Each structure stands twice: as C-alpha cells, then as structure tokens.
Amino acid sequence: METLIVQPVTELFPQVTDPIFGNLVLSAVCAALPLVLLFVLLGVFRVKAHKAALASLLLSIVLAVVGWQMPVGQALSAAAAGAFYGLFPILWILVNALWIYKLTVATPWFEVLGRTIRSITNDLRILSILIAFCFGALLESLAGFGAPVAISAAMLMAAGMKPLKSALVSLLANTAPVAFGAMAAPIIALNGVTGIPVQELSQMAGRQTPFIAILVPLILVFMVDGKRGLRQTWPVALVAGFVFGLSQFVTANFFAVELTDVVAAVATVTAVLIMLKFWQPREIIGVTDVDSGNAVSAGGDSAPVLAGRAGTVPVAPAPETGTTAVLEKTTRPPAGQVFMSVAPYLIIMTIFSIAQIPAIKTWLSAIGSVTFPWPGLDVVNAAGDPVPAQTFKLDHIKATGTLLMLSGIVTMALYRMSIRQGLATYWQTLVQLRWTIVTVTAVLSLSFVMNLSGQTNSLGVALATTGVFFAVLSPVIGWLGVALTGSDTSSNSLFGQLQVSAATETGLSPTLMAAANSSAGVLGKMLSVQNLAVAAAAVGMAGEESTLFRKLIGWSLSLLLLITVLIVLQSTPVLGWMVP
C-alpha cells in the first residue's frame, strides 16, 4: 500500500547572494558568524560540543530569517532535514559501530584482542601506525563516516593506550585516506556536481594526498611519544607513509579509483610487518611511559615500560650496560583465539566487501534506497535552479549503518550472545551517545540551514572574487566544508561546482581546484564536530570534544598550510606539469 504524503503549498524562496545591504563582503562576514561562534565556543571557551552546536544553529536560523529573508517555516524545515541526515546515515553508522565494539568488550575476546595486538609489538608508537593509520585506512575505504575513528580508537585502548591519546591518534590518522574513502565516494560526488571525468579528478587528488600520507605516520609517533618517538621510530613511520602515498598515487592514477585506499592500506601493513622482522626500535615504549612524560631514554633515571594485561610492566635498565633490557613480547594467543578476537572486524570487512560486488551493489541500490523531496522546502539558487540539498536520499538496506548492524548480529551469533544481551548492549550504547546524538544532529542542521538559506553560497562567492589568489583560498574552502559537514563527500557536493566556476573565471585549472577541495578538505575532518563527537564517545569521553579540538587544531592548520603551498605551486608553471 502506497503512503501519500500531503504537503502544504510552500512559498518559493530564491537565494540571494548579497542580502545584507546589497554588500557581498558584509554578507559573507555575516554568513561566517555561525562557524566562528562554533569554533570560538569550542576552542576558546571550552563549551560542551552539543551546547556550542545548538548556539551556532540558533544563530544561523536567525541570520537565515532576518538576513537572508528565508521564510521561518522553510528555515525550520531545513534544520529538520539536517537533523534527519545527522541521524541517517551518520549516527546510524556510529551507533552500530560502537555497538559492535561494546559487544566485544562484553566477552573475554576483547582481552584476547589486546594480547593479539601486543604480540605484534608492544610498542604503542608502532601500534598507532598499524591500527590507526593502516587498519583505519582500510575501514575508511569500506565504510567511512566516523566508523574508522570509532573502531581504531577502541582497538588502541584494547592495546593499552589511554583514552585521550587513542582519540587524538585515531582522529589525526583519519586524514590521508579520506579523499578516496567509502569506495571513492568523495571523488564520485565531485564528478557528479562538476562534470569533470572521474579518472581526471582521481589522478589530480592522487598527486596531492600522498604528500600528506608521508607525513601522517611521523606525526603519529611524535604525538604518542614526542621527540623520542620521532627519533627512535622514524624509519618505520617513513616507510609506512611512503608506501601508503606511493600506493595511493599508483592506484588513483593507473587503476581503479574505488580501490585506492584498499590497496594502500594492505600494501602499507604488509610493508610494516615485513620491516618489523628485520628492525625494531631501540626501546619498547608502553602506555605509562608515553602518558606520564616522566620516562627518559636508556640510561636515565626513569625506566620505559611495556603495556601489559592489567596495566604496565616496568622494563628495568640492565645494570651491566646501563642500556634498556629487552623483554619478550607478549605471547600470541592460539590461532583459534586470535580468530575469535578479530572476528568482528573480519566480519565487517567481509560484509562490506560483498556489498561492493557490482551485481550485489546494484541489487542493494534497487531495493535499499529511496529518494524524496524534503517537505516544506522550495528553494532555488540565484540562477533559478532548485537547490539539490532539498532532495533527500535515504539508504536503508544498503546503508553503511545497516551493514554494520548486520555485522553486529553475525558477531552475536558467533559469540553465542542472547538477543536480550544484544539489546541491552544496544541500549547502553544509545545512553552513552545521548549528547553525541544532540551534537551531530545540531551541526548537520546548521550545515543545512546555511546551505539552503544561501549563507554558504554568499561565503563561497565572496571568496571566489579574489582572482588568482583563489588558488590560496580554494583549499581553505574545502577545509571549511569538511570541518562544517564532517564529510569530504558532503563538502565536495557543497563546494565542488563553486570551485570549478571560480577557477574558470580566474583562469585556473578547474580540475586542480575541484581536486583541491577534496584533498585539502580531509584536513578539516579531525576538527569536525561530528568526528570529534564520534572519537570522544568511542573512548568514553563524551562532552570533552573541546579538549580534542584544541589539541588537534594546530596539526590541522599546519597540514593545511603545507597542502595549500603544494596546490598553489601546482597552479603555477613550477608544478603545473602535475595537473592532468
């Protein structure tokens, strides 16, 4: 039986680029106020993320109604559309990813997982590369939307890393793979809004993101253990970054763009494991050592420690030599136990891989997706064309969150958990995420109100009037887009056409500027309130998003500066030969 949705007649709302006294600059400044308020409340006043997001949302609605003359009903409807998008797909993914983690914690296999991870190496610096950078990239290639951060942070905690550091490492690691994440969804979305061939966009992004990939593992070991970590583990960090970047370049330029991160992740973890058979850092650094900050290098007064089963195991300096004594690694559990401990993650990868088989993917798209106009919205842009954001696509059966739920159900069956226990764990997950749910829905509401009212367009058009200097601002637009929406795919959909239009007007390469939106955008993901909320919830620090924000903003801006320099040089004869 077909359900008929009766919608009231909605007044047509045409977006205006310069509604504030007819001045584009003043309009752009006003449009930026909700974003400024959000970042200031988080970074300066350390306000809880859900409160900061709600305050910014309220300001954007007021600006939409008063400044951009958007009808109140449509402004509220836009906010509702954003909230719904926050629930589906983003929170649908997060809730089910965290549920799977909590299922494993409720069994003895979680401790086995920790021992299995530590059997590879007890060194948390190397584990940050293997788990957050390599395994996180593999999860990003299959799922994206916060799942890699949530799961890799949980695995780092299982290995013995403290919650705060686990969240920071996972957030920063979730940068290099994002442009090609979720089976290259950001690049495919960019093709959809710009019309530039997918292969051309893939080639260009594949000549930008590898430079970030080379640096990320080096930053991770520095984040875990400071200068000592960089000094002692730079060889393996450099190998990981180089192999990942090279694999991205080769796959994105000469093979299938959808497999870019899969190939890069598998190649990198293989290279690191091979290297560890022939090379080990001089000291094995564990959780107490890296978090206390009191330990010194070999021969000092404080001894490094190893992450152990119920805490840490001191490593005493050898009295004969004054150097650090080498302890045996944690014994690897039997193969059957190892399989059971990693089974949930193998199940996730298997189910997602099956879902990507062309025939199954087509079938799921046919039965598991519905597109409909969001009620109460009738918005056209300055050219008179309907704004795409008012058309809603709801994936249900094929959604990442649904596939994660299926993975959880299979995990329950494998672990022989009762339905009652699974439901109780799911309820605990929802309770734990209650403020995260408020945060994510509020931020997505903010994004939709800004987009549909025309605030985002005013801000973007103002930036595009800067002429050739737009090559400097183009990466910033992408960075802001991801910081706001939490998604490189969404940012590309939001600003992709703007980048191409501005590039055409200023004589820059449309392919370069479009790809810049995606490549630079990934560096804003670690600061997006949604991702911060995911990481905080995953490590049991809900409400501490501002702490994560303040510790990561310096890294985000530094990497943004580096990739901006690269993109500017690519817009000139110096590196112009890199543009396809």
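Mentor: Consider D225 and R228, whose side chains meet in a salt bridge at 2.8 Å, N to O. A salt bridge is a side-chain nitrogen of Lys or Arg within 4 Å of a carboxyl oxygen of Asp or Glu. Side chains of opposite charge can pair when their charged atoms come close. This is a predicted model, in which local features need pLDDT of at least 70, side-chain atom pairs count only at pLDDT 80 or more, and totals for chains, interfaces and linings use all residues. Residues are numbered from 1 along each chain as its sequence is written, and side-chain values use heavy atoms, with hydrogens and water left out.

Trainee: What separates D225 and R228 within helix 10?

Mentor: Helices (H or I, at least four residues) and strands (E, at least two) are DSSP runs numbered from the N terminus. D225 and R228 are 3 residues apart in helix 10 (residues 209-254), so about one helical turn separates them. Both D225 and R228 are buried, meaning under 20% relative accessible area, where exposed is over 50% and partly exposed lies in between (1.4 Å probe, protein chains only).

Trainee: Which residues are joined with D225 and R228 into one network?

Mentor: Through salt bridges that share partners, D123 and R125 belong to one network with D225 and R228. The side chains of R125 and D123 meet at 2.6 Å, N to O. R125 counts as buried because its relative accessibility is 0%, and D123 is likewise buried at 0%.

Trainee: How many salt bridges does the structure hold, and where do K525 and E140 lie?

Mentor: The structure holds 4 salt bridges. In the one between K525 and E140, the closest N and O atoms are 3.9 Å apart. K525 lies in the loop between helix 21 (510-521) and helix 22 (529-538), and E140 in helix 5 (residues 124-142), so the pair ties together parts 385 residues apart in sequence. K525 and E140 are both buried.

Trainee: What does the chain contain overall, and what pLDDT does it average?

Mentor: The chain has 23 helices and 6 strands, and buried residues make up 57% of its 580 residues. pLDDT is the predictor's confidence in each residue, from 0 to 100. The chain averages 83, and 89% of the residues score at least 70. Over residues 292-328, however, the pLDDT is below 50.

Technical notes:
Contact = heavy atoms within 4.5 Å.
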